[in-house]
Amino acid sequence: MHEGGNDGGRPVESGVSGNGVDRRAAPGGAEREFLSLERELTVFLRRARANQGEMAREVHPDLESAAYGLLVRLEECGRQRATELAAYIGVGKATMSRQLRALEELGLVAREPDPADGRAWLVHLTDEGRGRVSRVREARRARYVRQLAHWDQDEVAELARLLNQLNRGMEK
């Protein structure tokens, strides 16, 4: 529901005002809520990129910021084909190959033939990679616990639920 007014001060639902006008479709006028969402997501993403760079350097000083997400995905999901990783991250095959090659050179990932398809390869974390990623993720989780200590646990759970909903919606 939206604060504010239509006839009689009733809340506005689904972006339609009391007179039946869809405010979302108003020419040149994004709703206040969507402008606020855009602003907050911009700040959040800027901070997330900076944090991702810090975490990547904590895993390995020569690790590219963008490659950190690959390591997390491999830790969570186990062995995967490069094409699956590329699709999940949203990059092309060439970019994925370059990133995986760099991760192999750092000793963080290894490739092995896919037993289901001899032409394909599976990528997985090495023991070194798994240990480094786990330590960084645990430190990150502890930082969230400290920074959000004043939040109710239900609020943290709701934020996680809403972010998951947003991420799923963005995949479509």
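This is a predicted model: local features need pLDDT of at least 70, side-chain atom pairs count only at pLDDT 80 or more; totals for chains, interfaces and linings use all residues.
User: How far apart are the end C-alpha atoms of helix H4, and what span should its 13 residues have?

Analyst: Helix H4 comprises residues 93-105, and at 1.5 Å a residue its 13 residues should span 18 Å. The distance between its end C-alpha atoms agrees with that expectation, being 18 Å.

User: Which residues of H4 are buried, and within what arc do they fall?

Analyst: The buried residues of H4 are Met96, Gln99, Leu100 and Leu103. Seen down the helix axis, these buried residues line one face of H4, because they fall within an arc of 100°.

User: Which elements do the buried residues of H4 pack against, and which exposed residues does the face turned away carry?

Analyst: The buried residues of H4 pack against helices H2 (67-77) and H3 (82-89), and also against strands S2 (109-114) and S3 (117-125). The face turned away from the buried side carries two exposed residues, Ala94 and Glu105.

User: How many residues apart are Glu128 and Arg132 in helix H5?

Analyst: Glu128 forms a salt bridge with Arg132, with the closest N and O atoms 2.5 Å apart. Both residues lie in helix H5 (residues 127-147), where their separation is about one turn of the helix, or 4 residues.

Notes:
Residues are numbered from 1 along each chain as its sequence is written. Side-chain values use heavy atoms; hydrogens and water are left out. The expected span of a helix is 1.5 Å times one less than its number of residues. Buried means under 20% relative accessible area, exposed over 50%, partly exposed in between (1.4 Å probe, protein chains only). The arc is that of the directions from the helix axis to the C-beta atoms. Contact means heavy atoms within 4.5 Å. A salt bridge is a side-chain nitrogen of Lys or Arg within 4 Å of a carboxyl oxygen of Asp or Glu.
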